[in-house]
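Student: Can we go through this model together? I'd like to start with a spot in one of the loops.
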Amino acid sequence: MELSDKSARQLYAEIKANPTRKRFGFGKVPALINIDLQKAYTCVGEFATAYETDPKQLEYVNQLAELFRTKGFPVIWTYVAYMDSGEDCGIWGTRSNTPDSLQNIKVGSRRSEFDDRLQIDRKRDIIINKRMASAFFETNLGSIFTFHGVDTCVVTGGSTSGCVRATALDSLQRSFRTIVPEECVADKHESPHFANLYDMAIKYADVISVKETLESVAKLPGKVMA
């Protein structure tokens, strides 16, 4: 193991300035996956579990969502919410049991609601209640992508070190080109945020700016939604 006194932020800045891997790039049909942008994780000051990295994160996500809709590409929003018993959280929910615990985000609760700042088209966008970290795990996301001929996943949301990373990894393992717009993901603490951007950039995804993401999607021919 190489030893270093550099912070995770510094390591990420170095790999960003001098990439060691070629990019996957965009394919023909990208889908936008917005991970768990719900009040439990976005309402800083109201919920102990909430966090913010880039203050314009949700604004950028809205811009991406509108562009994807204009192009006819799928827009997906995920959220976590559980039964009153919490049993559908599985063993994951046994690590703690406080009002802030994961399994205590109940269906229909304020913690489960999407942030009010988001612009969600509830007639057209796809909304998925996921139970585990990855948006792919035991959801119908794979069949949705097959139906739309998706070859590229653009992943936003939180947390960078948790559900974003898990979704990016599963995306790559399903052979989708995987894109993470840097300003559109967030985490509770700086070190895991930048450490996971660093790791995804080297291994699993193209970690690029939201500006480049918007420009790249804008250049793609649109498709007619089925």
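Student: Is Ser175 buried or exposed?

Tutor: Ser175 counts as exposed, because its relative accessibility is 67%. The cut-offs are under 20% relative accessible area for buried, over 50% for exposed and partly exposed in between, with a 1.4 Å probe and protein chains only. This is a predicted model, where local features need pLDDT of at least 70, side-chain atom pairs count only at pLDDT 80 or more, and totals for chains, interfaces and linings use all residues. Residues are numbered from 1 along each chain as its sequence is written, and side-chain values use heavy atoms, with hydrogens and water left out.

Student: Where does Ser175 sit, and what is its phi?

Tutor: Ser175 is in the loop between α5 and β5 (177-181). Its phi is positive, about 70°, although Ser175 is not a glycine. Helices (H or I, at least four residues) and strands (E, at least two) are DSSP runs, numbered from the N terminus.

Student: OK, and where's the cis peptide bond?

Tutor: Between Gly158 and Ser159, with omega about -10°. Ser159 belongs to the loop between β4 and α5.

Student: Moving on to helices. Which residues of α4 are buried?

Tutor: In α4, residues 141-148, the buried ones are Leu141, Ile144, Phe145 and His148.

Student: What do the buried residues of α4 pack against?

Tutor: Four strands: β1 (30-35), β2 (75-80), β3 (126-130) and β4 (152-158). Contact here means heavy atoms within 4.5 Å. On the face turned away from the buried side, α4 carries the exposed residues Thr146 and Phe147. Just after α4 comes Gly149, with a positive phi of about 70°.

Student: And what about Asp151, where is that?

Tutor: Asp151 is in the loop between α4 and β4. It is partly exposed, at a relative accessible area of 24%. Leaving aside neighbours within four places in sequence, Asp151 touches Gly27, Lys28, Val29, Pro30, Phe176 and Arg177. Asp151 and Phe176 are 25 residues apart in sequence, with 5.2 Å from C-alpha to C-alpha.

Student: What else contacts Phe176?

Tutor: Ser171 does, and beyond its neighbours within four places in sequence, Ser171 also contacts Phe136, Cys153, Arg177 and Thr178. Ser171 is in helix α5, residues 160-173, and counts as buried at 0% relative accessibility.

Student: Is Arg69 buried or exposed?

Tutor: Buried, with a relative accessible area of 9%. Arg69 is in helix α3, residues 57-71. Its contacts, leaving aside neighbours within four places in sequence, include Val75, Trp77, Asp121 and Asp125.

Student: Zooming out, how many helices and strands are there?

Tutor: The chain has 7 helices and 7 strands, in the order α-β-α-α-β-β-α-β-α-β-β-α-β-α. Buried residues make up 52% of its 226 residues. Of the contacts with a separation of 6 or more, 78% are between residues 24 or more positions apart.

Student: What are the spans of the C-alpha trace?

Tutor: About 50 × 45 × 30 Å along the principal axes of the chain.
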